[in-house]
There are 2 protein chains.
Amino acid sequence: MSPTGPTLPRPSAGGTPMSAGSELEQLLEAPLGLRERKKLKTRRAIRAAAFRLFAEQGYETTTVDQIAAEAEVSPSTFFRYFPAKEDLVISDDYDPLLEAAFRARPRDEPLVESIRQAMIEPLRRILAAEHDDVLLRMRLYREVPSIRARALVGQQESATMMCGLLAERTGEPADGLRLRAVVSAILAASSEAVLYWSERDGREDMADLLSSAISALGDAFGG
Amino acid sequence: MSPTGPTLPRPSAGGTPMSAGSELEQLLEAPLGLRERKKLKTRRAIRAAAFRLFAEQGYETTTVDQIAAEAEVSPSTFFRYFPAKEDLVISDDYDPLLEAAFRARPRDEPLVESIRQAMIEPLRRILAAEHDDVLLRMRLYREVPSIRARALVGQQESATMMCGLLAERTGEPADGLRLRAVVSAILAASSEAVLYWSERDGREDMADLLSSAISALGDAFGG
DNA sequence: TGCTTTTTGAGAGTTACTGTCATAAGACAG
DNA sequence: CTGTCTTATGACAGTAACTCTCAAAAAGCA
């Protein structure tokens with residue numbers, strides 16, 4: 001068996017042997033084996049239990065043992081599904097979607113515009129399906145430092161991924177300072193937009209906010 | 001006494017009752033009381049012991065207990081000086097310097113230029129005094145996720161501080177999306193410059209790199 | 001010298017993890 | 001349906017980073 005835990009369902013792709021797995025896609029996939037379905041079920045059960053407890057008593061005051069008990073699994077099992085407590089809140093699904101969306105953009109489109117569109121599109125899809133859920137996670141992001149910390153490292157990893165993508169398209173070196181500066185700046189501004197959106201309880205249009213954040217950069221640095 | 005630990009020396013300013021304290025300034029300050037000098041000494045002893053051990057065995061594999069032993073203090077004392085292990089590596093000195101440098105800038109200077117200058121100036125001073133030390137910390141930043149995490153949260157806090165400053169000067173609301181987007185973008189690009197600098201072992205000129213990172217934003221978003 | 005304030009260390013407790021191993025349960029071949 | 005192989009689970013023991021409390025020691029001060 002996989003050294004670190006239960007092999008999470010990867011129906012079609014032959015990617016990494018073990019990863020967090022993106023629930024979004026799998027929900028819509030062809031019928032999975034009984035085993036896989038069970039795993040998804042426990043995963044969701046754990047997360048549901050966790051969020052129930054978070055709502056009651058807050059994130060930091062609920063222990064992993066409590067969550068495991070509420071979800072009726074052992075603590076060991078909990079950690080097999082979520083290597084860290086913060087992983088309950090943070091989803092890694094976004095990056096591959098972003099990558100795909102970017103690749104789908106015409107090569108002659110201005111770069112920043114490609115990026116903007118590539119970010120908005122999967123964001124829309126996610127929001128359509130999990131609006132309230134995202135809002136909840138963002139609240140935790142705001143309120144819990146350890147979650148913020150974890151998310152920010154993830155964002156940095158997204159940035160280096162993006163650098164790879166852009167390097168591919170423009171021919172610039174992926175680890176060049178200029179590229180890295182631009183990418184990290186866009187990501188920072190964008191996540192500020194998402195944060196802002198969540199502070200307004202999701203009442204404003206995310207795409208608008210994102211565009212406005214990016215065009216703010218144009219105004220400030222453009223001249 | 002202060003609720004969280006020994007009151008760290010704050011010779012002149014009447015700032016927060018308890019904070020990490022900036023060693024840089026205090027080294028140059030008027031003679032402190034015996035008590036204060038002793039505290040600085042232990043603080044440095046702990047840090048020195050820690051970095052010695054890190055060099056030998058790496059960050060993650062050296063325990064706080066080891067560090068305390070090497071520094072000849074009790075573990076309790078360690079935590080009084082450094083609430084978290086990562087605080088050994090992360091310095092909070094920079095923000096006040098940045099703030100002061102920014103305030104010293106002429107009000108009619110273009111905003112981005114003010115920021116750039118305000119960042120470079122204290123950076124120069126720090127590098128002049130602690131070049132190798134900074135390099136070492138940055139290496140840990142690159143190699144240890146938990147340090148990166150903590151540093152990034154700090155960066156976000158710096159950003160909201162900067163937003164306050166800029167809001168003061170421009171009259172824009174400090175929590176407006178546009179301002180926040182711009183500030184977080186600059187900070188992201190800048191820290192990318194510092195990171196880049198450290199990857200080159202500090203051989204390139206930091207001010208140049210910072211300028212180049214910021215002008216990259218101009219190129220990307222401006223035209 | 002005595003009194004007050006601050007720093008220190010000892011010790012006990014909590015929590016998020018990690019690793020190991022035996023057992024139970026799904027998958028599959030015959 | 002049976003036996004076999006694979007994979008998921010739970011029990012258990014351990015570690016390391018903290019947190020809290022309290023008494024003793026040291027520093028500052030009258």
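E72(B) counts as exposed because it has 11 C-beta neighbours inside 10 Å; exposed means 12 or fewer other C-beta atoms within 10 Å, buried means 20 or more, and partly exposed is in between, with C-beta atoms placed from the backbone. The residue is found in the loop between α3 (64-71) and α4 (75-81) of chain B, where helices are DSSP runs of H or I, at least four residues, numbered from the N terminus. Most residues other than glycine have a negative phi. E72(A) also has a positive phi, about 60°.

A word on the source. This is a predicted model, where local features need pLDDT of at least 70, side-chain atom pairs count only at pLDDT 80 or more, and totals for chains, interfaces and linings use all residues. Residues are numbered from 1 along each chain as its sequence is written, with chains lettered from A and ligands numbered from 1 in the order in which they are written.

Now the contact between the chains. It takes 28 residues from chain B and 29 residues from chain A, two residues being in contact if their C-beta atoms lie within 7 Å. On the chain B side, α8(B) gives the largest share, 12 residues.

Next, the largest nonpolar core, which has 64 residues. Such a core is a set of buried Ala, Val, Leu, Ile, Met, Phe, Trp, Tyr and Cys residues joined through C-beta atoms within 7 Å. L217(A) and L217(B) are among the members that touch the most others. Beyond its neighbours within four places in sequence, L217(A) is in contact with residues including A185(A), A185(B) and F221(B).

Conventions:
Helices (H or I, at least four residues) and strands (E, at least two) are DSSP runs, numbered from the N terminus.
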